[in-house]
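Here is a short note for someone opening this structure for the first time. Please read the points with the model in view.

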Amino acid sequence: MIRNKYKIIATRSALIFGIITLALFLIPSLTNMDGMDGGFAMMVLAFLVLLTGIIIFYYYVRTARVFESILQPENVVAQWHIGQVEYAQLQKLDVKEVSGNFLLMRWVVIFITFIVCVFLAIIGLDFSFLIVFFVGLSAFIWLVSAIAMHSQKRRLRPAEAHVILTREGGIINETLHVWAKLNNRLENASIQKIKSGIHYLEVTYSVPSRGARVETTVRFPIPDGKLTEAQYILGEIYNPQ
């Protein structure tokens with residue numbers, strides 16, 4: 001049975017934020033804290049924490065419901081199991097792509113930092129301070145990106161993949177991807193092949209974010225002998241009933 005991790009996150013976040021909110025509300029009265037000495041600030045903070053908790057809880061509850069709807073037998077069009085060897089090939093492709101993005105971001109941020117430091121030097125800021133600032137920030141950016149790339153390489157540990165596909169979304173190893181619900185939109189879908197001969201279903205969808213849309217690409221490995229079924233599913237994704 002596949003675990004609905006989004007329901008677990010919603011429950012735990014409600015508990016954690018509830019405890020923090022209650023503590024913030026009770027601290028002023030338990031410590032005889034005057035309103036002008038921080039009591040009012042604690043109340044405002046408690047309200048903000050409560051509001052944040054409600055938003056997070058709503059998001060994960062909503063996602064958990066979509067997760068459960070995708071697992072309904074009448075909605076499932078395919079359920080695949082992929083072995084470690086096949087899945088490892090696709091993991092390498094994902095890790096290579098993500099690590100490349102981190103590497104690009106590293107150099108872009110360092111270059112922007114350099115330009116800013118040059119501008120500040122031109123307008124008269126202390127040159128020695130700018131050198132220390134640039135070297136320190138660059139080292140920090142390098143360290144953060146190195147940690148991020150290392151965490152991606154840790155994903156290459158041996159693992160199998162469990163895939164569930166519907167016309168509206170899919171689940172791979174308990175992670176939900178939706179392209180026809182939650183205000184998400186399907187951008188592209190196709191069947192691709194890597195050099196080792198393994199096929200995968202690649203789906204790109206976009207999610208709303210601050211007035212724009214952010215694209216996400218997910219790759220579902222296709223088991224050996226399931227290519228015809230995958231082609232049928234591709235048609236169902238583009239033409240949902």
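1. This is a predicted model. Glu 174 forms a salt bridge with Arg 3, and the closest N and O atoms are 3.1 Å apart. The two residues come from distant parts of the chain, 171 residues apart: Glu 174 sits in the loop between strand 3 (169-172) and strand 4 (175-178), while Arg 3 belongs to the segment before helix 1 (5-30). Arg 3 also counts as partly exposed, with 46% relative accessibility.

2. A second pair is Arg 167 and Glu 236, a salt bridge whose closest N and O atoms are 2.5 Å apart. Arg 167 lies in the loop between strand 2 (161-166) and strand 3 and Glu 236 lies in helix 5 (residues 227-238), so this pair ties together parts that are 69 residues apart in sequence. Glu 236 is buried because its relative accessible area, 11%, falls under the 20% cut-off. Arg 167, at 23%, counts as partly exposed.

3. Arg 185 and Glu 187 also meet through their side chains in a salt bridge, at 2.9 Å from N to O. Arg 185 is partly exposed at 43% relative accessibility, and Glu 187 is partly exposed at 31%. How many salt bridges does a search of the whole structure find? The search finds seven.

4. Four of them form an open sheet in the order 1-2-3-4, with antiparallel pairing. Strand 1 (76-82) and strand 4 are at the edges and have a single partner strand each, so one side of each has no neighbour in the sheet. From one strand to the next, the twist averages 15°.

5. Within the sheet, strand 1 and strand 2 run antiparallel and are joined by six bridges. His 81 stands opposite His 162, which is in strand 2. Helix 2 (residues 39-70) lies across strand 1, strand 2, strand 3 and strand 4, and runs at about 85° to strand 4.

6. The surface carries a nonpolar patch with about 1100 Å² of accessible area in total. Its members include Leu 104, Val 108, Phe 111, Phe 119, Ile 122 and Ile 123. Ile 123 lies in the loop between helix 3 (84-122) and helix 4 (127-153). Ile 123 counts as exposed because its relative accessibility of 56% is over the 50% cut-off.

Definitions and conventions. Residues numbered from 1 in each chain as written. Predicted model: local features only at pLDDT ≥ 70, side-chain atom pairs only at ≥ 80, totals over all residues. Heavy atoms only, no water. Salt bridge = Lys/Arg side-chain N within 4 Å of Asp/Glu carboxyl O. Helix = DSSP H or I, 4+ residues; strand = E, 2+ residues; numbered from the N terminus. Buried < 20%, exposed > 50% of the residue type's maximum accessible area, 1.4 Å probe, protein only. Patch = residues over 30% accessible without salt bridge, like charges linked within 9 Å, V, L, I, M, F, W, Y side chains within 5 Å. Areas by Shrake-Rupley, 256 points an atom, 1.4 Å probe, with all protein chains shown as cover. Pairing = 2+ DSSP bridges. Axes fitted to C-alpha atoms, helices over the stretch in contact; angles between N-to-C directions. Contact = heavy atoms within 4.5 Å.
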